[in-house]
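Please open the structure in the viewer and follow the selections in the order given. Each stop states what to select and what is found there.

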Amino acid sequence: MQAAIGGRYEADAEMPSADNKERAARVGPYRYIVLAALPIAIAGLEQSIMATSATTIAQMAGAETGLVWILAAFFIPASVATIVLGQLGDSFGPMRMLVYSLLIFAAGSLLAAQAPSYPVLLVARFVQGVGGGGLLALPQAFLAQRIPPRDRAAFQGYLVAVAFFANTFGPVVGSLLIAAFGWQSVFYALIPMALTAAAILWQARRRSRPARPPVELNFDWRGTLFLIIAVCCVILASQTLAEPDRIGLALVWIGGFVLSLAVMILWMRAREDALVPLELVRIPMVWKCGLVAFLYGALFTGVVSLFPILFRDYYGLDLRQIGLVMMPFLGAVGVGSILTGLLVRKTGRVMIFPAIGLAVFACSMIGLALFMDRLGAWQTAIALGTAGMWMGTTLNVVNISVQANTPPDMMGRATAFVQLSRTVGASLGVGLGTLVYFRSLNTFAAECTGHCDGSVRYAFALLLCFFALLSMSAALVAHRARRFRLT
């Protein structure tokens, strides 16, 4: 039996108290949407800026070959912190943990902005990741405690839309800041936003905090250690895969992941209050949604991170132009999320939407691969934006489905499990996508005699087929859960 750490704590109930019920009814759920949207917007800006600017930041920091490690330094701690903060949110309330996450994120951003060297930048990205792990999962859990499941679909659709609209403007903002003030300005810009959001959430929490009996927390330190090892192994494997001459090392990391995952499952079976409870993962809708989120993370991050290479190497665009041509896709994903949320609220149907939407997105990737040589840069951007509407059918309904099938005392961990799956998938998407593109690029370039402009196009066509495979796989998993309805 694990001993309790830190004694007994006063937890936030995160539900309107009797004194606040009248005010909550008058204000409605939109106040909660605004509070939850603040950290979501910051996370969306950070992800989109880094996804499209990491190459430039690595080059300016004097480590052009270290792109994957700048991303991995954030993904690894964010993956672990997501599930840890989810468990702490179940015990102490997601709003309190959101405030702490924002403060840690701000500290990491400050350290990154003042980093004198590439190793210090990696340390700063690690600190950022610890705080960033809570910025996506905790707002979803916070909102789930206040809004009924069927209405939750529309309102959480607004949160997803906020994230993707932040993603839409992130590349442009990042490129303008880097061009005008240097790469450090990207991190300086995040600091006041995180501190302001933390102050607003803390003030809102103080006004609405009700009394609740103290809770005793038995934190799962061993489960956390096993999760850290498993996540590190799988993310390092994915990043190593991006380097064609290190495939053997990637296999070693994959073996370490399999071993650590097996040990973690045994530990989950032995402990009742594990970090990731086995009874949670056994729920059919939870593991299916986790798998869809994993594939979606790989797909979305791969598209956002690697399409700028196409616009740069094939169409010859600069950093500012790349930020502009990526806007239709990122904005369309947000619009698709809002529309899907409204449809879920009206029909009660959930997983049928990603089953259809991701299948259409897969067909769109195949179409782009076939006709890319006939399209200009903006035509490609518009085609990608049209496909993005169909990708927007996924993330919102995955969160809703998990929350509707999860016991209330596991809501935070369930939401965090989906975000963990998405984050790990995102790292794998970058690693595997980079491997597919550069391996095929080198192959086509070696087979060309003289000057060969088509190698980039052929390599990217194969990458688009890889994206189509990810999308269709996620669509098939969602199709298996299509009969679920919200009441």
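**First stop: Thr-393**

Select Thr-393 together with Thr-340, Phe-353, Pro-354, Gly-357 and Leu-358; these are the residues that Thr-393 touches when those up to four places away in sequence are not counted. The model shown is a predicted one.

Is Thr-393 buried or exposed? Its relative accessible area is 8%, under the 20% limit, and Thr-393 is therefore buried.

Next, display the polar atoms of the Thr-393 side chain. One of them lies 2.7 Å from the backbone oxygen of Trp-390. The side chain of Thr-393 also reaches the backbone oxygen of Phe-353, at 3.4 Å; Phe-353 is among the residues in contact with Thr-393 listed above.

**Second stop: the second largest pocket**

Now move to the second largest pocket, whose volume is about 600 Å³. To centre the view, select Phe-257, Leu-261, Phe-417, Leu-420 and Ser-421, which are the closest to the pocket centre of the 20 residues that line it.

Then colour the elements that each give two or more residues to this lining: helix 9 (221-241), helix 10 (247-270), helix 11 (278-281), helix 12 (284-313) and helix 18 (411-447). Which helix gives the most to the lining of the second largest pocket? Helix 10 does, with five residues.

Finally, colour the lining of the second largest pocket by residue class: 18 of its residues are nonpolar and two are polar, while none is charged.

Notes. Residues are numbered from 1 along each chain as its sequence is written. This is a predicted model: local features need pLDDT of at least 70, side-chain atom pairs count only at pLDDT 80 or more; totals for chains, interfaces and linings use all residues. Side-chain values use heavy atoms; hydrogens and water are left out. On a 1 Å grid over the protein atoms alone, a cavity is a set of points where a 1.4 Å probe fits but cannot get out, and a pocket is an open set with protein on both sides within 12 Å along at least five of seven lines; lining residues have an atom within 4 Å of a point. Grid points are joined across faces, edges and corners, and a volume is the space filled by probe spheres set on the points. Helices (H or I, at least four residues) and strands (E, at least two) are DSSP runs, numbered from the N terminus. Ala, Val, Leu, Ile, Met, Phe, Trp, Tyr, Cys and Pro count as nonpolar, Asp, Glu, Lys and Arg as charged, and the others, Gly among them, as polar. Buried means under 20% relative accessible area, exposed over 50%, partly exposed in between (1.4 Å probe, protein chains only). A polar contact is a pair of N or O atoms within 3.5 Å; within protein, one must be able to donate a hydrogen and the other to accept it, and residues adjacent in sequence count only if both atoms are side-chain atoms. Contact means heavy atoms within 4.5 Å.
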